Every structure is written in structure tokens, then in C-alpha cells.
Amino acid sequence: YEVEIDELTKLKCKPEYRIGYAFIPSDRFVFAIDYTLSKTRDPFGRSLNEKTIAAGFESHLGTKKLLTFRAGSSFSLEGKLPLLFSTGISFNISKIVLDCAYMTDMDGESRGMWAGLRTSF
């Protein structure tokens, strides 16, 4: 589907498919790696014809697992896209999660920060 930003700018949203494996040595740690099966696309939906691998870990801290820390990286197999690094932290209070994340590329030219609040029933 397409999202129209203005008359000249439209973003194409296409599904992304991945296959991966997660190793969970305890209830406090998760290590994961996945491979992109679909074509990598830029924000406008144009195909970059790149396959990527992403790897990372997540750790639950504290006796009640109130804090979750995660970090990871993704890279292109063809080497045309920059190496990306990400890190994040979540505060888990009952069924409410406050989440913050930061991502940057290896050159520090592209970076972003996200924050979100979610709940479960």
C-alpha cells in the first residue's frame, strides 16, 4: 500500500519476510540472528536488491525483570548498505512497557531515536 505524504511524495509499504533463529539459554537472555528473504527497500519502496543479516541480544535485568536492555547490528551481504547498530531499553511495569531505542550507521551519518508506550491485556 502507499502512504501519501503530500502531492509529490508517496511512500510504498511492502511486506518484509525474514527467517531466523533465537537461542534462549535462560529466561533472562535471548540471542537472535535472522536473514532477509525479501528485497531490501528504501523509504520510498524502491528495491535496493540487497540481502541483509541482523543479529542481536536482549537481557532482562532485576529480580522482577523490570528493565530490558538490547543491542544489535545488521549488515548487507553485498556490502553496499552501511553497517547499522542499534540499542534500546525498556521499562516493564506490570502490563505497561515504556520503550526507547537508538540506531546509527557506521559513519554516524544516519541516526534515529524512537520512544513508545505499549500495553497488553
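## Charged surface patch

Glu2, Glu4, Asp6 and Glu7 form a negative surface patch in this predicted model. One of these residues, Glu2, belongs to strand E1, which covers residues 2–4. Glu2 has a relative accessibility of 47% and counts as partly exposed.

## Salt bridges

Side chains of opposite charge can pair when their charged atoms come close. The structure contains three salt bridges.

Arg18 pairs with Asp34, with 2.8 Å between the closest N and O atoms.

Asp27 and Lys65 form a salt bridge with an N to O distance of 3.0 Å. Asp27 sits in the loop between E3 and E4, and Lys65 in the loop between strand E5 (52–61) and strand E6 (67–76), so the pair links parts that are 38 residues apart in sequence. Asp27 is exposed at 52% relative accessibility, while Lys65 is partly exposed at 27%.

Arg70 and Asp99 form a salt bridge in which the closest N and O atoms are 2.7 Å apart. Since Arg70 lies in strand E6 and Asp99 in strand E8, the pair ties together parts 29 residues apart in sequence. Asp99 is buried, with a relative accessible area of 16%.

## The E8–E9 hairpin

Strand E8 (residues 96–105) pairs with strand E9 (residues 111–119) in the antiparallel sense, over nine bridges. Cys100 stands opposite Ala115 in E9. Five residues lie between the two strands of this hairpin, where Gly108 takes a positive phi near 75 degrees.

How values were computed: Residues numbered from 1 in each chain as written. Predicted model: local features only at pLDDT ≥ 70, side-chain atom pairs only at ≥ 80, totals over all residues. Heavy atoms only, no water. Patch = residues over 30% accessible without salt bridge, like charges linked within 9 Å, V, L, I, M, F, W, Y side chains within 5 Å. Areas by Shrake-Rupley, 256 points an atom, 1.4 Å probe, with all protein chains shown as cover. Salt bridge = Lys/Arg side-chain N within 4 Å of Asp/Glu carboxyl O. Lys, Arg positive; Asp, Glu negative; His and termini not counted. Charge placed at Lys NZ, Arg CZ, Asp CG, Glu CD. Helix = DSSP H or I, 4+ residues; strand = E, 2+ residues; numbered from the N terminus. Buried < 20%, exposed > 50% of the residue type's maximum accessible area, 1.4 Å probe, protein only. Pairing = 2+ DSSP bridges.
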